[in-house]
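Take a look at the protein below. Keep its sequence and its 3D view side by side as you read.

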Amino acid sequence: MTSGADAADVGIGEPSFDMEPIETPRKVKIAMLAAVIFPPIGVLISMVLLWGGLFNATDLILLASMYVLTGLGITIGYHRLCTHKAFATRKPVALFFVIFGSMAAQGPVIWWCATHRRHHQYSDQEFDPHSPHAARDPGIVGFCKGFAHSHIGWLFEKEQVDFKRYVPDLLADPMIMRLNNLFTPLLIAGLLLPALVSGLITMTWTGAALGLLWGGLVRIFLLHHATWSVNSVCHVWGKREFRSGDESRNNPFIGILALGEGWHNNHHAFPASARHGLKWWQFDLSWMVIRTLKGLGLVSKVRLPDKERMEARRRRA
């Protein structure tokens, strides 16, 4: 797969800077943040209570490994490579990341990229597919409805994204199209892989079942929650360092859980950047992997904003 400025900007466009900021009551922010944080905390408590029985070191390693691999499949494969063309790489590398992105069970690559490009074009405006702010009812109840829509409700909208408009470059890529059409088998493979590994390690059907549970189903739940939080939490709670024309925000907690995607204001200010954590302390595992692959000669044409452009878009107090 190759990279270029024209392909990268399909359906995205430059952000506008005339949008009025939306102030959300502090108590609403706290309530919505709790709604996102407490379910995964419940899973963590279950892990502690089940440790040594129905959850053990093998399950933990499989859960963590599959979370990182499928998460990087989304952040590097689906997002930074296919959607934004933030770097170029060889087909085997692209194949690896898009396959694991499909195993994340967040939708076929064509649909995912088209939806995300539309999000950038209309970010926090009426036609944004998953904004907590766009076309919402007034008041706290309306804002909570908007937040719920941005986190998960948007997945059940009937409106279909125009693929020919938003992803013509991907439609013309035979490898991407093949992987897109193999989404369901790859999703199933993402469930069976940890089951197979755990079954072979323990040589029991119980081990295989636990591998399916922790490395498959629980991993999907946790990764989904982290990814959806970029849509919801990162448009409500956090800091806005750059002018991006929307309500995107940098959230350190989501930055860690979503493998670098939580530096969302940085990303919306510079959509084609391969690096989202633009400061040394902004943890961005996806960028660390891309930088390592570049050092190995497997990645090229890495796109990063220069200092002058960053300074021009920096918000002033």
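This report goes from the whole chain to one leucine and then to the aromatic rings.

## The whole protein

The model is predicted. Its secondary structure comes to 15 helices and 2 strands. The protein has 317 residues, and 53% of them are buried.

Now consider the contacts between residues at least 6 apart in sequence. Of these, 74% join residues at least 24 apart. The protein exposes about 15,000 Å². Carbon and sulfur atoms supply 67% of that area.

## Leu155, a residue in a loop

Find Leu155 in the loop between α6 (139-151) and α7 (163-166). Is Leu155 buried, partly exposed or exposed? Its relative accessible area is 29%. Buried means under 20% and exposed means over 50%, so Leu155 is partly exposed.

Which residues does Leu155 touch, leaving aside those up to four places away in sequence? They are Trp111 and Trp228. Gly107 and Leu155 are 48 residues apart along the chain. Their C-alpha atoms are separated by 9.8 Å.

## Aromatic pairs

A pair of aromatic rings is described by two things: the distance of the centres and the angle of the planes. How many aromatic pairs does a search of the whole structure find? It finds 9.

One of them joins Phe96 and Phe97. The ring centres are 5.2 Å apart, with 85 degrees between the planes. Planes over 60 degrees apart count as edge-to-face, so this pair is edge-to-face. Phe96 has 40% relative accessibility and counts as partly exposed. Phe97 has 7%, which is under the 20% limit, so Phe97 counts as buried.

Check the accessibility of each partner. Trp263 is buried, at 3% relative accessibility. Trp281 is partly exposed, with a relative accessible area of 45%.

Finally, look for Trp51, Phe55 and Trp214. Ring pairs link these three residues into a cluster.

Technical notes. Residues are numbered from 1 along each chain as its sequence is written. This is a predicted model: local features need pLDDT of at least 70, side-chain atom pairs count only at pLDDT 80 or more; totals for chains, interfaces and linings use all residues. Side-chain values use heavy atoms; hydrogens and water are left out. Helices (H or I, at least four residues) and strands (E, at least two) are DSSP runs, numbered from the N terminus. Buried means under 20% relative accessible area, exposed over 50%, partly exposed in between (1.4 Å probe, protein chains only). Contact means heavy atoms within 4.5 Å. Accessible areas come from the Shrake-Rupley method with a 1.4 Å probe; for residues, only the protein chains shown count as cover. Rings of Phe, Tyr and Trp (its six-membered ring) pair if their centres lie within 6.5 Å; planes under 30 degrees apart count as stacked, over 60 as edge-to-face and the rest as tilted.
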